[in-house]
Amino acid sequence: MRVLVSTASRHGSTDQVAARIAETLRARLPGDAVVDVLPAAEVGDASAYDAVVLGSAVYLGRWLDHARHLADRIATHSPRPVWLFSVGPIGVPPKPTEEPVEVRAIVTSTRAREHRLFAGRLDRHRLGFAEKAVVAALRVPDGDFRDWAAIEAWGTQIAAELTGADAPAEGT
């Protein structure tokens, strides 16, 4: 079994979420399973994979271009299990709670089994001038709001679906 975990990330937070999902898959899938982690911009052909987990950072309510383009390519290949995730909401409680604008269409076109929205991280020191202006205007708080337990539980759920096993209940 070959699984691709791929993301589009601007400042690394989404890449770190993908790495944690991949670690969880490697720990839960059979020993001969291969889990590759690649930036969406570097994936030429996803058809060599038996399953795909694709995620994107969310900016101004939208997925990044590289993730959208990879989703388009995945949609043209024969059906395979696909899971999607977005990383973006920040704060306590995380806001916004809405899914990114185009996610429903991407779920439909890729025939994704599920889409998850995870809270993200904001470190103003890593932002460009325009991004700093937006977060200042919106009074967005700095911090790491990612829920690693929820991310790992989702990776466990995906592994269980791939192997046909029952996933443990979240929090166990």
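Between which two elements is the loop that holds E102 found? In this predicted model, E102 is located in the loop that connects β5 and α3.

**E102 and its surroundings**
- E102 has a relative accessibility of 11%, and therefore counts as buried, the cut-off being under 20%.
- Its side chain forms a polar contact of 3.3 Å with the side chain of R62.
- The side chain of E102 also reaches a backbone atom, the nitrogen of W63, at 3.1 Å.
- Residues up to four places away in sequence aside, E102 touches G61, R62, W63 and R68.

**The buried face of helix α2**
- Helix α2 spans residues 65-75, and its residues A67, L70, A71 and I74 are buried.
- Viewed down the axis of α2, these buried residues fall within an arc of 105°, so they line one face of the helix.
- The cover over the buried residues of α2 includes the strands β1 (2-8), β3 (51-59), β4 (62-63) and β5 (82-87), together with helix α3 (103-110).

**V43 in the loop between β2 and β3**
- V43 belongs to the loop between β2 (34-39) and β3.
- V43 counts as buried because its relative accessibility is 5%, where the cut-off is under 20%.
- Apart from neighbours within four places in sequence, V43 is in contact with L4, S6, L38, L70 and R73; among these, L70 is one of the buried residues of α2.
- The C-alpha atoms of V43 and H66 lie 9.5 Å apart in space, with the two residues 23 apart in sequence.

Conventions. Residues are numbered from 1 along each chain as its sequence is written. This is a predicted model: local features need pLDDT of at least 70, side-chain atom pairs count only at pLDDT 80 or more; totals for chains, interfaces and linings use all residues. Side-chain values use heavy atoms; hydrogens and water are left out. Buried means under 20% relative accessible area, exposed over 50%, partly exposed in between (1.4 Å probe, protein chains only). Helices (H or I, at least four residues) and strands (E, at least two) are DSSP runs, numbered from the N terminus. The arc is that of the directions from the helix axis to the C-beta atoms. Contact means heavy atoms within 4.5 Å. A polar contact is a pair of N or O atoms within 3.5 Å; within protein, one must be able to donate a hydrogen and the other to accept it, and residues adjacent in sequence count only if both atoms are side-chain atoms.
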